[in-house]
Amino acid sequence: TNLVETSNADFPSGDPRMYQLDITLRRGQNLAARDRGGTSDPYVKFKLGGKEVFRSKTIHKNLNPVWEEKACILIDNPREPLYIKVFDYDFGLQDDFIGSAFLDLTSLELNRQTDVTLSLKDSHYPDHDLGSILLSVLLAPREEQREATMLMRKSWKRSSKKNYGVLLNMLSRTGDLWHRIYSPSNCVLMTLFCVSSNQNHVTFQTQSLRLSDLHRKSQLWRGIVSITLIEGRELKAMDANGLSDPYVKFRLGHQKYKSKIMPKTLNPQWREQFDFHLYEERGGIIDITVWDKDAGKRDDFIGRCQVDLSNLSKEHTHKLEMPLEEGEGCLVLLVTLTASAAVTISDLSLNSLEDQKEREEILKRYSLMAMFHNMKDVGFLQVKVIRAEALMAADVTGKDSFSFRDSKYCSKSDPFCVVELNNDRLLTHTVYKNLNPEWNKVFTFNIKDIHSVLEVTVYDEDRDRSADFLGKVAIPLLSIQNGEQKAYVLKNKQLTGPTKGVIYLEIDVIFNAVKASIRTLMPKEQKYIEEENRLSKQLLVRNFIRTKRCIMVLINAAYYISSCFDWDSPPRSLAAFLLFLFVVWNFELYMIPLALLLLLAWNYFLIISGKDNRQHDTVVEDMLEDEEEEDDRDDKDSEKKGFMNRLYAIQEVCVSVQNILDEVASFGERIKNTFNWTVPFLSCLAIVALFVFTLILYFIPLRYIVLVWG
C-alpha cells in the first residue's frame, strides 16, 4: 500500500470538524475469477460505519477493470476506516464475494491528493492472491461549521440586551438545551440559532443537517420505477408433468425483488406491484429472470429479458410484452417512471388548465365536433395534489437531534402520495419527517372510461421494508366538481371507515359526452394492480347487508302489489284493477321501456320539487378488526397436505361466495342509482336509451325484431 505516513495528532479525539473525502476509483488489477469461464463481472462498494455510501458500475468479463468513477463522502470521524468490498455480479443469482480491504483515513495527509493501492483479502482464505484496487484520494476539512459559528457570533452581537436577557432566562429553564444543540455526538453539521422577541414572545428557529441526511442526499434517487408483474404466457415446461412452478426475479442495481411462486402452470397470473428507486439520471436496465421452483434441488432457469428504462418516457404507464431470451414465452408488465423532487419540482401555476390557450385546445379536443376522432380518448383529467394534514405517525424514534425534556420520542412519517386511474399509476416525491406534507404537484391523465374511479393513497416511505399504508380516498370521476379545492378524509384500505388525516385535492374533468356514452356500453377495463382477494368476515357481512337491501326493495314491492290484490285499501285496489284491465287489453311491448321512462321522469319530478325520497346509503360500521393475513409465509407452508388443504379449499369457496354477493349487490345498486338520479349522467343516458327503444318497438313489430336477432 502506497500511503503517506502522518501522525494521528492531525485528528485529535473529539474533533468537531467535518471532512470531505474525494475518491476516484481507478481500476482493478488481477482480480480473482469467480465465473466458470475464468472471468468475473466486478463492481465495488464503499462502506462507512456499516452503511453503503457508494457503489460502482459493473464491468463485465474483465479481471483488470477500469472504472474511473468519482465519489464524494462526508466524514465526521476520520478514525473510522473506509471499507472497500469487491463483488462479482451474477445475473439473477447471489453475487460472489471477491475480496475486501480498508483505508485508514488517519494515515492520509490533509489537502493532498494521494494514490493508494489496496490489496484485497478474504478472511476465509488469507493466503490467496485476490488482486488489488487502485484509488486516488483527497481528504480535506470542510468549512461549513466555521461559517456557521461566525454567523452565530454575528447574530449574538446584533441581539439587543433585552433579547439577550430573555434568552438567558429561557436557557436557564431548559437546562442542557444548548448542549443538546451543539453536541458533536448528535452529528449536527450546521445550526442556525435565532431569537426574536415580539411582546415577550421568543421564537427559536433551528435548521439542523445531519451526516446521515447528507449521505442520503449524496446518493439521492432521481425517480421511482413502479412495476406491475401481470402475467406470463406460454412459458417453457420444466417439470416431468409438462408444467412449471414459475417465479420471477427483478434486479435494478443493488435493488432486488422476487415474485411469489405460481404452482403447476405455464400461463401464471401474478398481479404483483412493487417499486424501485432510480439513482441514475439517464435511467438504467432492469434485469429480469424467470425460474422454476424445485423442492430439494436447484431451481431451473426458464428465461430472461431486460427493460431499458432510458427508452421509456416519464410520467406515463407503459404496457410491455417482453419475450424471454434463452427460453420460451413472454412476460407482460406495466412500467411507470416518475421523476422525484430532486429533478423536477412541479409548480401549481404551470399546469395545462391554467394556460388559457392550452385549456381551449383541450376543450376543443373533447368538444362534440370531435366526437368521432379517437374513440378511446374519452376525456382529460387533471389532479392537483396540494397537501395533507394530521397524518398518522408511522415512525417513532428517540434519535431526533432536538428534543425537550418532556418530548423524549418524536413521532413522524415520511409520506408520499400515489395517484391511480385504472392502470395508470403516478407518484409524488417523499416529504421526510412531516405529518403535514405539502406536495404541490399536478398530474394529468387521459380518461378511457368516464365511470373510472380516481384513487389517491398516502404511504409512509420505509427504506428497509415495504411502505406503510396511511390512508386512501376513492373518487368517482362523475362525482367531481371542477376547479374546487376540497379536503377529503382519508379512509382505510377497504374504504369502510375513516383513518387519521385529510388530503387536499383540486380536480378537473373534461370529457366528450358522446364518446363516454359509447364507452359505457363496452366492457370495463381490467385493472391489473388490484390486491388479491382474501376472506374477510367484515367484508362478507357488509356484502350480505348490501344484497339484503336490494332484495328488500323487491320484497316491499311484492307486498305492495299483494295488498292491492287483497283490497286492503279499496280506492287503491280499484284504481289498480282498472289499470290492470287497460294494460292487459292494450298491451304492446313498447310499454315496458315506456313504463321505466315514466318512472325516471316521476323520480326526477320528485327531486326538483324538493320531495327527494332517495335513501342515502350509510357506511356499515362493523367493530370487528380487519382480518388481514400476511402474505410473506414460507413457500413450504403452502405445500402442507391434509387438513391445511381442506382449510384452504373452504376459504376459496368462502371468497367466491363473498365475491358473488358483491357482484349481485353492485348490480342491484347500479339499477337503483340509475332510476333515482344518484348519478345524473347515467340517468340522462338511460332516458335517451329508453326513448330510442320505445320508438323502435312502437314502429317495428316484435316479430321483425326477433327475426333480425335470430
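Modeller: Happy to! Contact here means heavy atoms within 4.5 Å, and helices (H or I, at least four residues) and strands (E, at least two) are DSSP runs, numbered from the N terminus. This is a predicted model, in which local features need pLDDT of at least 70 and side-chain atom pairs count only at pLDDT 80 or more, while totals for chains, interfaces and linings use all residues. Residues are numbered from 1 along each chain as its sequence is written, and side-chain values use heavy atoms, with hydrogens and water left out.

For α6 (residues 513-520) and α11 (residues 680-699), the angle is about 80° and the axes lie 12 Å apart. Here axes are lines fitted to C-alpha atoms, for helices over the stretch in contact, and angles run from 0 to 180 degrees between N-to-C directions. α6 and α11 are therefore roughly perpendicular, a term for angles of 65 to 115 degrees. On the α6 side, Ala-513, Ala-516, Ser-517 and Thr-520 take part, and they meet Phe-681, Leu-682 and Leu-685 of α11. By class, this contact of α6 with α11 has 5 nonpolar residues, 2 polar and no charged; Ala, Val, Leu, Ile, Met, Phe, Trp, Tyr, Cys and Pro count as nonpolar, Asp, Glu, Lys and Arg as charged, and the others, Gly among them, as polar.

Now for the wider setting. The protein has 12 helices and 28 strands. Of its 710 residues, 38% are buried, where buried means under 20% relative accessible area, exposed over 50% and partly exposed in between (1.4 Å probe, protein chains only). Among contacts with a separation of 6 or more, 65% join residues 24 or more positions apart.

One open, antiparallel sheet has 4 strands in the order β3-β2-β5-β6; two strands pair if DSSP finds at least two bridges between them. Its edges are β3 (51-55) and β6 (96-103), each with a single partner strand, so one side of each has no neighbour in the sheet. From one strand to the next, the twist averages 30°. Inside this sheet, β2 (residues 42-48) and β5 (residues 82-88) run antiparallel and are joined by 7 bridges, with Lys-47 standing opposite Tyr-83 in β5.

Strand β8 (residues 132-141) pairs with β7 in the antiparallel sense over 6 bridges, and Ser-132 in β8 is the bridge partner of Ser-119.

Notes: Angles under 35 degrees count as roughly parallel, over 145 as roughly antiparallel, 65 to 115 as roughly perpendicular and the rest as oblique.
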